[in-house]
Amino acid sequence: MKGSLLSQGNTAEVFEWSDNQILKLYRSDFNEEACMKEFRINQELAKSLSLLPLAIETVNIEERMGILYERISAPTLLKQSIHRPWNIIKYGRAMAKLHFEVHQKEYTGSIIPNMRDILITDISRAIRLGEVEKELILA
């Protein structure tokens with residue numbers, strides 16, 4: 001059952017759900033297919049990344065799509081950074097290392113998007129960049 005609000009961002013709110021689960025509830029204007037894609041990507045990544053909170057199932061609550069995730073009981077990086085600001089560089093390096101490891105793995109199939117292809121497409125479509133700037137960035 002949806003409990004108290006834990007956090008929120010541009011696309012979703014995160015609520016308590018149970019002792020071992022949280023609910024990421026997308027805003028009403030969020031695309032249902034994007035929610036399903038996030039769920040499938042998490043399922044695929046969880047096969048090889050033990051640190052990743054597992055997406056358990058998709059739900060529809062109050063006419064909004066959501067994902068139930070495994071709840072990790074640990075302080076957030078933001079809280080740790082506030083209480084131990086001298087460790088911010090250490091935390092940043094740990095996050096960078098984790099992201100690097102994620103992107104070093106080879107994923108087969110079409111579930112995990114190729115970030116290089118996504119960036120090339122996004123840069124090519126950027127309306128605030130001129131053609132010369134796009135060419136320089138993509139070179």
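Ile88 counts as partly exposed, its relative accessibility being 45%, and this residue is found in helix H3. In this predicted model, H3 is also the element that gives the largest share of the lining of the largest pocket, namely eight residues.

**Largest pocket**

- The largest pocket holds about 2,000 Å³ of space, and among the 47 residues that line this pocket, Leu51, Leu52, Pro53, Met95 and Leu98 are the closest to its centre.
- At least two lining residues are supplied by each of the strands E1 (5–8), E2 (12–18), E3 (21–26) and E5 (64–70), and the helices H1 (32–46), H2 (77–83) and H3 (88–104) each do likewise.
- Sorted by residue class, the lining of the largest pocket consists of 27 nonpolar, 10 polar and 10 charged residues.

**Helix H3 and its residue Ile88**

- Helix H3, which spans residues 88–104, includes Ile88, and the C-alpha atom of Ile88 is separated by 8.8 Å from that of Leu77, a residue 11 positions away along the chain.
- Ile88 is classed as partly exposed rather than buried because its relative accessibility is 45%, whereas buried means under 20% and exposed means over 50%.

**Strand pairing**

- E1 and E2 run antiparallel and are joined by three bridges, and the two strands form a hairpin with three residues between them; within this pairing, Gln8 stands opposite Glu13 in E2.
- E2 and E3 also run antiparallel, with six bridges joining them, and the hairpin that connects E2 to E3 passes through two residues.
- Glu13 has Leu25 as its bridge partner in E3, while Ala12 has Tyr26 as its bridge partner in that strand.
- On the E5 side, E3 is joined to E5 by five bridges in an antiparallel arrangement, and here Leu25 has Gly66 as its bridge partner.
- Read across the strands, Gln8 stands opposite Glu13, Glu13 is bridged to Leu25, and Leu25 is bridged in turn to Gly66 in E5.
- Strand E3, which is bridged to E2 and to E5, is mostly covered, since five of its six residues are buried.

**Contacts that involve aromatic rings**

- The structure holds one aromatic pair, formed by Tyr26 and Phe30, whose rings are stacked at 4.3 Å centre to centre with 15 degrees between the planes.
- Tyr26, besides being stacked with Phe30, is the bridge partner of Ala12 in the pairing of strands.
- Elsewhere, Lys2 lies over the face of Phe15, at 4.6 Å from the ring centre.

Terms used: Residues numbered from 1 in each chain as written. Predicted model: local features only at pLDDT ≥ 70, side-chain atom pairs only at ≥ 80, totals over all residues. Heavy atoms only, no water. 1 Å grid on protein atoms, 1.4 Å probe; cavity = no way out; pocket = protein on both sides within 12 Å on 5 of 7 lines; lining within 4 Å. Points joined across faces, edges and corners; volume = space filled by probe spheres on them. Helix = DSSP H or I, 4+ residues; strand = E, 2+ residues; numbered from the N terminus. Nonpolar A, V, L, I, M, F, W, Y, C, P; charged D, E, K, R; others polar. Buried < 20%, exposed > 50% of the residue type's maximum accessible area, 1.4 Å probe, protein only. Pairing = 2+ DSSP bridges. Phe/Tyr/Trp six-rings, centres within 6.5 Å; stacked < 30°, edge-to-face > 60°. Lys NZ or Arg CZ within 6 Å of the ring centre and 35° of its normal.
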